[in-house]
Amino acid sequence: MSSAIPLLLAIGLGLAGWLVARSRAWKFKREAADGRLASLPNYHAWYAGLWVGLPAFLWGALWSVISDNLILQHVLSSSGATGLPAFGMRRDAIINEARNVATGAADRALSPEAQALVEPFREAITLYTWVGIAIVLILAVIGAAWAFLRLKPDFGARTRVEKGVLFVLFVASLVAILTTFGIFLTLIFETYRFFEMVSPIDFLFGTHWAPDPMANAQNPDGSRYGAIPLFWGTIFIGAIIAMTVAIPVGLMSAIYLTQYAPAKLRSWIKPALEILAGVPTVVYGYFAALTIAPAIRDIAISVGIANASSESALAAGLVMGVMIIPFVSSMADDSIAAVPQAMRDGSLAMGATTNETIRRVLVPAALPGIVAGIMLAVSRAIGETMIVVMAAGYAANLSGNPLEAMTTVTVQIVAMLTGEASLDHPATLSAFALGFVLFIITLILNVIALRVVKRFREAYE
Amino acid sequence: MVMEQTDLAGGKSLEAEADATSAPKISAKGVSVFYGDKKAIDDVSINVHTEHVTAFIGPSGCGKSTFLRTLNRMNDTIPSARVEGTIELDGEDIYHSGMDVVQLRARVGMVFQKPNPFPKSIYENIAYGPRIHGLAQGKNELDQIVERSLHRAGLWEEVKDRLEDSGTALSGGQQQRLCIARAIAVDPEVILMDEPCSALDPIATAKIEELIDELRGRYAIVIVTHSMQQAARVSQRTAFFHLGNLVEYGHTSDIFTNPREKKTQDYITGRYG
């Protein structure tokens, strides 16, 4: 027995409704005087199929989420649950053990407390599965009655199916929005817990970052949670060094591609640039760590900087800059290409050279799109983790020297959440606070980028 | 056959030239234009005079705009376009390899079918040309050029208080006069206009036509137009193009009242086109 049964049942019933309605529609068609229906048989089929299957399916999906809780409550109210320890991991372990035995995932329970819960679990699962199935059946029957009473030769199933499709599309788009919302809520909740332990002032304005996961969780030392070095590292690597590479190179390649490159060359270079965007960041990471970082160290030593480390902000930033070139260049490319030919002609007819036309007319006119591309690239760069981990390291340094090891917000999130992490410890929770800040920053950048793009679109339509 | 046609067209232009006061500003001889393998203009010879408005008329696709764009080498921007024959500006071949296209276009300005002000301020739109050609020493002189150009384009009174507003915020007719002012600002010798009124309403059109008439005193103006009435109103010379050929070229009054060719007669009386 599993929670998937109501879902599968709903799909099966929907399919049955689909087939029955379709054959009935063909029958209508044969019987109709002129051999025509108001809607094609397939629309009859989809109309019935959606009415039978969709409400039942949605219910099944909802049920699979809530039934676990209902089952647990049922079990906890049973007589076998009285011996459970009140809180903590042991209680969870026992409940899990009993559930595993009841669902057949484990052979037998090792602890007597768990054994006592196996029977209530079996009962509850059976009960709630049947409840789920019963409600699915009821919904399917109601849907079928609704649909089949309406399906007549002159019924406009076509427009109704259109509405059904609209609904399905709406639900699909809701999933992404709700997920974002859910992520946001988790972040807020955990961030709040973190700020109960460590003052936001220490966190946002402190300059020393050294959380100790082994320290006493009850009374953390706020002075070790100063995130300024992380914010600085993020901005220095992602926004300053990477952009110093990505903006000029991306912009110039976009200008070359839109204005100078022969069509044939463009059809090669553009996809090649887009492949650059598809390279996994881990691959960039080891390129940075194994090739660029040692090269930078060697150069630094050869010009007399003796203590240059093999991990440097410069290596990470340079490679990250290369990584985001396609973001800058493809947005810039699109927006330069979107400047009307009339602008270009107007400038050339004034006796401007191609270069003057690009600098004085095309780039200013395309600037909103270019800025939006840069914003998206920045938000991509500050969210980047792998390259920094591999090339710039974990050390939280507040320094303007690009040859020093540095770390970023995302790297520290990974560091805090991996290994021996306890979700009650401020060191772990600090990851959520960092994530929250990062989320807010990228959100702001994206909003600005989208607004700029919107204004840009209005300009030429 | 080709020779004969050259002679024919040449004869026509000579006749039109007979009572012109000066040597031709632009003199095109045996000009053909190809797009790839397709011949868009076939062996056209024509003289354009300063202080005259020359109108190119003809049905859509007859090549009049293509020919206009050969006069300042705007066809260079189309990779597949190729020009044969000679076009002389003050006796100098503009397709000569030593010709500086940038300088040529400063001397032969152009106004397009759809107003195309840059998305910059009104002031910057006008100042664009003088800036790139280095025509002004200092801000004062640039201000003067901008004011003078806007005056000549008849736009000064309407925009003098909002020179910093965007050029794209003006009405269609104002935008087109802005584009004319922009072309005037570099002090050209010839102004080419490619259907400058086709995107405008009748009132704006009347203003532009008035302006063309005023500008005639200073420049050689070549205007491509769809409207025969417009050609009759603003031009002194009219050239009738059909299927890439120059059918007839002469005084506007002759073309419209007493055309020599049957095709011209059919076109101006609305038989086709």
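In strand β10 of chain B, B:L246 is the bridge partner of B:F241. This is a predicted model, in which local features need pLDDT of at least 70, side-chain atom pairs count only at pLDDT 80 or more, and totals for chains, interfaces and linings use all residues. Residues are numbered from 1 along each chain as its sequence is written, while chains are lettered from A and ligands numbered from 1 in the order in which they are written.

**The hairpin in chain B**

Some terms come first. Helices (H or I, at least four residues) and strands (E, at least two) are DSSP runs, numbered from the N terminus. Two strands pair if DSSP finds at least two bridges between them.

β9(B) and β10(B) form a hairpin with two residues between them. In the turn, B:L243 has a positive phi of about 50°. B:T238 stands opposite B:G250 in β10(B).

| Strand | Partner | Direction | Bridges |
|---|---|---|---|
| β9(B), residues 237-242 | β10(B) | antiparallel | six |
| β3(B), residues 53-57 | β9(B) | parallel | four |
| β1(B), residues 26-35 | β2(B) | antiparallel | seven |

How many residues of β9(B) are buried? Six of the six are, so β9(B) is largely enclosed by the rest of the structure. Here, a residue is buried if 20 or more other C-beta atoms lie within 10 Å of its own, exposed if 12 or fewer, and partly exposed in between, with C-beta atoms placed from the backbone. Both faces of β9(B) are covered. B:R237, B:A239 and B:F241 lie on one side, with B:T238, B:F240 and B:H242 on the other. Strand β10(B), residues 245-251, has five of its seven residues buried, so it too is largely enclosed by the rest of the structure.

**An open sheet**

Chain B also has an open sheet of four strands. Its order is β2-β1-β4-β5, with antiparallel pairing. The edge strands are β2 (38-48) and β5 (92-93), and each pairs on one side only.

**Chain A**

Chain A has 15 helices and zero strands. Its radius of gyration is 31 Å, well over the 23 Å that the globule rule gives for 461 residues, so chain A is more spread out than a compact globule. That radius is taken over C-alpha atoms, and the globule rule is 2.2 Å times the number of residues to the power 0.38. The C-alpha trace spans about 80 × 75 × 35 Å along its principal axes. Of the 461 residues of chain A, 40% count as buried.

The domain assignment, automatic or from a database, gives domain 1 (5-155) and domain 2 (222-460). Their C-alpha centres lie 48 Å apart.

**The nonpolar cores**

A nonpolar core is a set of buried Ala, Val, Leu, Ile, Met, Phe, Trp, Tyr and Cys residues joined through C-beta atoms within 7 Å. The largest core has 161 residues. Those touching the most other members include A:A288, A:A316, A:A391 and B:V222. Helix α10 of chain A (residues 313-338) gives the largest share of this core, 16 residues. A second, separate core of 25 residues includes A:A25, A:A48, A:F57 and A:L151.

Which residues does A:A316 touch, not counting residues up to four places away in sequence? They are A:I237, A:A288, A:I387, A:V388, A:A391 and A:A392. Contact here puts the C-beta atoms, placed from the backbone, within 7 Å.

Conventions. Contact = placed C-beta atoms within 7 Å.
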